[in-house]
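This report goes through one structure step by step. Look at the sequence and the 3D view first, then read on.

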There are 2 protein chains.
Amino acid sequence: MSFAEEAASDVPTLPGTHSGIPTYLLEKARKAKGGIFETRTKPRAERQRLPVVPQGIERDAFLQALAELKEELGAENLEVNDKPLTDGWYMEHPNTHDMMTILDEEELVASAVVYPGSTEEVQQIVAWANKHRIPIFPISMGRNLGYGGAAPRVRGSVTIDLGKRMNKILDINPEDFTCLVEPGVSFYALYEAIQAKGYDHMWIDSPDLGGGSVIGNTVDRGVGYTPYGDHWACHAGLEVVLPTGEVIRTGMGALPGNNTWQTFPYGFGPYSDGIFSQSNFGIVTKMGMTLMPNPGGYESFMYTFPKEEDLAPLMEIIRPLRISNILENVAQLRHVSQSIAARGLPRSTFYTGSGPVPSSILHAEAAKSPVGDHTWAYYGMAYGPSHIRAHKLALIDSEFRKIPGARKIDPSTLPADEYFWSRDRVAAGIPDIQELRWVNWTPNGAHVAFSPVSPIRGTDATALFELGKKRHEQYGIDFWPAFCVGLREMHLIVEIVFDRHDLERKTAALACLRDMVDDAARLGYGEYRTHLVLMDQVAGTYSWGDGALMKFNEKIKDALDPNGILAPGRCGIWPRRYRGRGWEMTRESGLVSEGRGVEMD
Amino acid sequence: MSFAEEAASDVPTLPGTHSGIPTYLLEKARKAKGGIFETRTKPRAERQRLPVVPQGIERDAFLQALAELKEELGAENLEVNDKPLTDGWYMEHPNTHDMMTILDEEELVASAVVYPGSTEEVQQIVAWANKHRIPIFPISMGRNLGYGGAAPRVRGSVTIDLGKRMNKILDINPEDFTCLVEPGVSFYALYEAIQAKGYDHMWIDSPDLGGGSVIGNTVDRGVGYTPYGDHWACHAGLEVVLPTGEVIRTGMGALPGNNTWQTFPYGFGPYSDGIFSQSNFGIVTKMGMTLMPNPGGYESFMYTFPKEEDLAPLMEIIRPLRISNILENVAQLRHVSQSIAARGLPRSTFYTGSGPVPSSILHAEAAKSPVGDHTWAYYGMAYGPSHIRAHKLALIDSEFRKIPGARKIDPSTLPADEYFWSRDRVAAGIPDIQELRWVNWTPNGAHVAFSPVSPIRGTDATALFELGKKRHEQYGIDFWPAFCVGLREMHLIVEIVFDRHDLERKTAALACLRDMVDDAARLGYGEYRTHLVLMDQVAGTYSWGDGALMKFNEKIKDALDPNGILAPGRCGIWPRRYRGRGWEMTRESGLVSEGRGVEMD
């Protein structure tokens with residue numbers, strides 16, 4: 001079978017859409033150059049031959065290569081993805097695809113999954129991929145919810161599920177306040193191990209959801225909610241398998257016999273760690289992480305503010321408090337709509353119409369929550385002994401009360417299952433998953449995130465709020481803005497929850513996201529992280545100097561990965577053999593370029 | 001004239017040494033492979049034809065290339081280094097060499113210096129260097145004292161003095177607490193600009209000496225003494241000219257129209273900044289830096305501790321206080337010998353014998369200082385309003401007093417010129433240069449630093465102290481240890497001050513440094529930064545996995561700088577055409593590999 005036929009036979013199609021792209025864009029694409037797209041629109045009946053074979057290799061050669069790898073790693077450590085994606089199988093095998101996919105569920109799926117048990121086995125897999133030119137896609141635990149989950153960027157890639165067997169906490173150092181972990185260590189596991197050892201002088205930092213991998217989250221530059229919330233800034237030392245199979249240790253890890261790998265991140269010479277975050281330049285197999293000293297006390301607090309228009313003046317108040325570290329953790333200002341969703345009730349409880357839940361209904365529901373008749377809820381935490389906390393809390397109180405009607409909520413009035421306590425746990429470094437309850441909003445709930453970065457300023461907050469609100473209204477989507485203030489910047493985090501069986505809603509969600517990315521870029525805002533299907537588009541917005549940064553990234557990619565086998569397309573970086581074929585992403589059309597052609601050798 | 005003759009004609013020689021390398025090592029080298037070395041030992045009279053021509057290009061072609069560049073940039077923006085290095089000229093032109101050289105003063109010198117006035121002109125110079133295959137060496141202001149000053153790694157390189165004309169503060173943002181600077185902006189200049197604007201709500205952070213470039217220090221990963229002391233961690237956004245001439249902006253700088261370049265360092269995709277620190281992968285032409293909020297009060301404190309043996313228990317006390325941020329700035333524990341030297345009196349004031357000043361004399365001198373009859377002095381600062389400071393100072397006091405005989409010095413008893421006040425200024429973000437007074441220790445004083453990294457532990461402090469003391473005694477050098485505690489690690493900083501006209505002392509200093517680097521590596525300690533002449537050796541100690549990290553660095557170097565023109569050899573990274581010719585650095589002999597052969601095209 002030829003390459004073109006192969007490609008054609010693998011591609012799912014559903015009426016009215018292709019890959020979740022709205023029909024009118026599909027039509028536009030058909031007229032565009034490239035060719036690949038046309039070959040992918042065969043009827044569904046003709047294409048269902050699993051496993052999905054990655055483009056650029058014949059089916060027989062691929063199956064033989066898999067057999068070879070199975071031989072090397074042991075039969076139990078390679079699984080072919082040859083079951084239909086029925087819901088039961090789907091949920092049991094979350095490492096082959098995005099459990100919350102916004103595309104057709106069979107679009108970004110793996111052809112097979114391998115489970116290395118050591119760095120050496122990762123090297124073997126990489127050597128194998130180079131030999132056969134097969135795209136591989138490493139995941140730590142595949143819990144990148146909202147940004148693509150476990151799905152590979154290129155359909156039919158072989159997923160390396162690092163976490164299943166490489167899940168050891170290699171060291172917890174109670175003197176240096178550091179640890180060394182493998183990819184399969186979750187925030188929960190790390191937390192529990194520290195508790196089990198009785199090290200109550202050390203805290204971890206957890207993101208909103210504690211079930212993910214410490215390495216995975218950090219390498220994707222995720223954040224948490226203690227003062228150690230900037231995970232990337234808090235890591236120290238990497239072990240990385242390069243795309244050509246060599247292993248390096250960064251920082252002090254490169255010095256034989258050192259005892260500083262986890263205490264001094266930089267080492268000597270170029271500080272290379274950064275290029276292994278949000279990239280496809282290497283596979284992180286070990287990572288050091290610093291642990292926060294128990295601050296000697298902590299106290300969550302919550303304020304609410306009445307009006308949507310309070311947003312701008314509030315940001316002006318938050319900025320100096322946050323930069324001065326009076327607000328000590330990621331400051332979070334959440335819209336009432338988002339606080340309600342996080343309680344976990346289905347939208348149908350309040351409203352059964354189409355389009356966004358009307359404001360009046362939202363506020364009626366909010367009246368039953370601590371937010372009451374207000375619009376914004378601020379969740380924060382003060383750290384340290386009580387007299388130190390009192391100093392900071394007094395400053396915060398006098399500033400926040402400058403907003404007319406500002407209300408401080410007394411935590412003792414809140415029931416145990418109130419969302420406030422989830423924020424409290426997370427800000428105290430205790431992993432939690434309550435946040436995820438918002439997927440109950442719809443049947444078959446899934447979510448995807450839009451996360452633009454801006455300065456901490458009223459004008460910027462307002463601009464992003466208006467931008468998001470307008471597009472959500474246009475596409476009939478509930479708008480849940482939450483502003484997370486890092487230190488000098490904030491991320492607006494907008495989670496769109498959709499029914500992953502409802503094609504029309506998925507299409508709308510993706511179109512809304514694409515429009516928001518473009519709208520934001522026009523105003524000078526860019527995303528700090530994004531979903532697989534938006535990576536080309538987002539990367540395309542970082543285009544200063546005629547795309548100079550991407551050209552630079554591609555140069556590094558080609559030098560480190562000459563065969564282009566490691567996670568092609570991740571973060572918009574395509575290796576040489578994938579470039580210049582298929583169609584190029586155009587910001588105007590909002591096209592995804594997944595399924596790019598691969599040059600045959 | 002042939003390449004070999006050319007090389008021979010340029011090389012300075014002095015009786016008994018070559019390039020500051022002790023005679024016995026010179027003999028060893030003569031027997032070693034390579035050839036280059038032998039050709040460089042012609043009598044002094046035969047070689048003095050300035051300018052020094054870089055290896056690999058004919059003199060006439062080089063002079064013609066310089067003329068071409070002069071034409072492009074304007075005659076006033078290119079200076080040929082054709083004056084003899086007499087002391088007067090030497091001091092007036094500190095951008096052609098290391099003012100504190102530990103080698104022969106004509107060894108690591110530039111052939112010419114160019115003064116670009118813009119990023120575009122830096123690009124022009126880079127294009128010119130690629131055309132003619134001429135090594136270029138960028139400096140910001142050339143104030144990298146103790147680590148090589150302005151000297152290029154490869155003799156005869158064309159120095160790009162960025163700072164002379166590119167010295168603008170492009171932005172100071174009083175809301176975001178950030179600034180954007182060019183390479184010629186010193187810590188003094190930045191401080192003064194902020195003062196002039198009346199922005200007393202913002203502090204800068206300065207290293208020990210405030211006269212250097214903010215960019216230069218940061219890119220070399222230097223540190224300062226406020227809570228913003230980790231300069232690299234505090235920068236945000238780079239503009240970089242790549243070795244092939246393209247310009248990139250990192251982080252949010254890659255997004256056209258952004259207003260977050262200085263507020264969010266990471267951007268989207270690989271975070272590339274790190275590979276432009278301590279490297280030769282690009283020329284930083286702009287850098288964002290965060291500014292510290294005025295903490296609302298500050299208070300320096302000083303403790304002294306009686307015995308050398310107090311070092312180990314003190315470190316055990318310091319570690320948790322520092323990691324918990326009770327000690328808020330780089331904690332500094334300085335040996336009495338170093339405190340005395342920093343007062344700026346010549347050694348001959350106390351002692352005229354050879355070898356290290358005897359301990360009894362040191363202590364007699366110390367008796368006149370606040371250190372009195374004690375051995376260690378701790379300099380620290382507490383930040384914040386008085387009741388917040390009081391909380392931390394009380395904790396510190398109760399911990400420090402666990403060392404028998406610990407003494408707290410009352411600052412009000414100290415005269416205005418006491419070294420304590422220099423530490424006080426620096427820790428309050430006020431640039432200072434008193435530290436440099438120690439070069440008065442000898443006539444023609446110069447200094448060079450040894451800076452190994454270790455965990456903050458008594459055993460490590462003792463091991464490094466003993467290692468340094470033994471080698472200093474062996475070479476008859478005064479030993480001035482100072483431990484600087486970053487957060488989870490400390491740097492032992494040992495400054496060796498020598499008479500740069502005294503060859504025997506220079507030779508001893510270099511041999512002492514080389515031995516200490518090797519001794520430290522055997523114990524698992526590596527340097528965080530080093531002098532030009534030690535770069536190969538130090539890089540060689542980061543050898544894990546058969547030198548995997550260096551091979552990785554070389555791969556990046558070759559991809560970004562195919563012609564090998566940018567700062568060859570910096571931090572031990574040699575471009576392809578310099579590798580495998582000449583002799584290789586061997587840790588055993590301690591040889592410098594400067595003057596490596598260049599493959600002719």
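A residue is called buried when its relative accessible area is under 20%, exposed when that area is over 50%, and partly exposed in between. The model discussed here is predicted.

**A buried serine in chain B**

B:Ser454 has a relative accessibility of 0%, so it counts as buried. This serine sits in strand β17 of chain B, which covers residues 452-455. Which residues is B:Ser454 in contact with, once its neighbours within four places in sequence are left aside? They are A:Thr260, B:Asp460, B:Leu464, B:Glu489, B:Met490 and B:Tyr525. One of these, A:Thr260, belongs to chain A.

**Where the two chains meet**

Chain A gives 88 residues to the contact between the chains, and chain B gives 88 residues as well. Together the two chains bury about 7,200 Å², with 64% of that area on carbon and sulfur atoms. On the side of chain A, A:Phe268, A:Arg488 and A:Trp544 provide 13% of the area buried against chain B, more than any other three residues.

There are 40 residue pairs in polar contact across the interface of chain A and chain B, both residues being at pLDDT 80 or more. Helix α18 of chain A (residues 544-560) contributes nine residues to the side of chain A that touches chain B, the largest share. By class, that side of chain A holds 43 nonpolar, 30 polar and 15 charged residues.

**Salt bridges**

Side chains of opposite charge can pair when their charged atoms come close. Over all chains, the whole structure has 70 salt bridges. Six salt bridges are counted between chain A and chain B.

| Residue | Partner | N to O distance |
|---|---|---|
| B:Lys555 | A:Glu246 | 3.8 Å |
| B:Glu175 | A:Arg457 | 2.8 Å |
| A:Arg319 | A:Glu316 | 3.2 Å |
| B:Arg319 | B:Glu316 | 3.2 Å |

The salt bridge of B:Glu175 and A:Arg457 has its closest N and O atoms 2.8 Å apart. This pair crosses between chains: B:Glu175 is in the loop between β5 (169-173) and β6 (178-181) of chain B, and A:Arg457 is in the loop between β17 (452-455) and α15 (458-475) of chain A. Are the two partners buried or exposed, or something in between? With a relative accessible area of 33%, B:Glu175 is partly exposed. A:Arg457 has 14% relative accessibility and therefore counts as buried.

A:Arg319 and A:Glu316 are both in helix α10 of chain A (residues 311-323), three residues apart, which is about one turn of the helix. A:Arg319 is buried because its relative accessibility is 6%. A:Glu316, at 32%, is partly exposed.

In chain B, B:Arg319 and B:Glu316 lie in helix α11 (residues 311-323), again three residues apart, about one turn of the helix. B:Arg319 has a relative accessible area of 8% and is buried, while B:Glu316 is partly exposed at 33%. Elsewhere, A:Glu175, A:Asp176, B:Arg457 and B:Asp460 are joined into one network by salt bridges that share partners.

**Chain A and its domains**

Chain A contains 18 helices and 20 strands. Of its 601 residues, 67% are buried. Among contacts in chain A between residues at least 6 apart in sequence, 73% connect residues at least 24 apart.

The chain is divided into domain 1 (1-38), domain 2 (41-161), domain 3 (169-293) and domain 4 (298-531). For domain 2 and domain 3 of chain A, the C-alpha centres are 26 Å apart. Their contact takes 12 residues from domain 2 and 22 residues from domain 3. The area they bury between them is about 1,100 Å², of which 66% is on carbon and sulfur atoms. A:Thr119, A:Ser140 and A:Met141 supply 41% of what domain 2 buries against domain 3, more than any other three residues.

How many salt bridges cross the interface of domain 2 and domain 3 of chain A? The count is zero salt bridges. Six residue pairs, both at pLDDT 80 or more, are in polar contact between these two domains. Helix α6 of chain A (residues 119-132) gives five residues to the side of domain 2 that touches domain 3, the largest share.

Terms used:
Residues are numbered from 1 along each chain as its sequence is written. Chains are lettered from A and ligands numbered from 1 in the order in which they are written. Side-chain values use heavy atoms; hydrogens and water are left out. Helices (H or I, at least four residues) and strands (E, at least two) are DSSP runs, numbered from the N terminus. Buried means under 20% relative accessible area, exposed over 50%, partly exposed in between (1.4 Å probe, protein chains only). Contact means heavy atoms within 4.5 Å. Buried area is the accessible area (1.4 Å probe) that two parts lose on being put together, summed over both. A salt bridge is a side-chain nitrogen of Lys or Arg within 4 Å of a carboxyl oxygen of Asp or Glu. A polar contact is a pair of N or O atoms within 3.5 Å; within protein, one must be able to donate a hydrogen and the other to accept it, and residues adjacent in sequence count only if both atoms are side-chain atoms. Ala, Val, Leu, Ile, Met, Phe, Trp, Tyr, Cys and Pro count as nonpolar, Asp, Glu, Lys and Arg as charged, and the others, Gly among them, as polar. Domain bounds come from an automatic or database domain assignment.
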